[in-house]
Amino acid sequence: MKITGIFVLLILAVLCLASEKIKLYLQVDCSEYRSLQARRPIYCEKLYQPFCGSDGKTYNNKCSFCKAVLRSRGALHMKQSGPC
């Protein structure tokens, strides 16, 4: 019985660590766009590699998603890679 309990606790610990890594994977690095925003408007190319935002909108690519993140002052996050 003790071995089963220890095994269950280990499995739960592994699942918790895996969920944290998934959250880190879902974060998008928009730091390259922050420095551009101060100097001039950001223009994005028409490349379609969709990102689903926490607002339920599908953004065409990383650039358009990061522009929305900057406009929201960091309130917007990536929900998933791909369309919503």
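**Disulfides in a predicted model**

In this predicted model, Cys52 and Cys84 are joined by a disulfide, with an S to S distance of 2.1 Å.

User: What makes the link of Cys52 to Cys84 a disulfide?

Analyst: The cut-off is a pair of cysteine sulfur atoms within 2.5 Å. The S to S distance for Cys52 and Cys84 is 2.1 Å, so the pair meets the definition.

User: Why is the disulfide of Cys52 and Cys84 called right-handed?

Analyst: The torsion about its S-S bond is about 110 degrees, so it is right-handed. The pair links distant parts of the chain, with Cys52 in strand S1 and Cys84 in the segment after strand S3 (78-81), 32 residues apart.

User: Why is Cys52 called buried, and why is Cys84 called partly exposed?

Analyst: Buried means under 20% relative accessible area, and partly exposed lies between that and over 50%. Cys52 has 2%, so Cys52 is buried. Cys84 has 48%, so Cys84 counts as partly exposed.

User: How do you know that Cys44 and Cys63 form a disulfide, and which hand does the link have?

Analyst: Their S to S distance is 2.0 Å, and the limit is 2.5 Å, so the pair qualifies. With -75 degrees about the S-S bond, the link is left-handed. Cys44 has a relative accessible area of 27% and is therefore partly exposed, whereas Cys63, at 9%, counts as buried.

User: What is the hand of the disulfide of Cys30 and Cys66?

Analyst: The torsion about the S-S bond is about -75 degrees, so this disulfide is left-handed. Cys30 lies in the loop between helix H1 (2-25) and helix H2 (31-39), and Cys66 in helix H3 (residues 62-71). Both Cys30 and Cys66 are buried.

Note on methods:
Residues numbered from 1 in each chain as written. Predicted model: local features only at pLDDT ≥ 70, side-chain atom pairs only at ≥ 80, totals over all residues. Heavy atoms only, no water. Helix = DSSP H or I, 4+ residues; strand = E, 2+ residues; numbered from the N terminus. Buried < 20%, exposed > 50% of the residue type's maximum accessible area, 1.4 Å probe, protein only.
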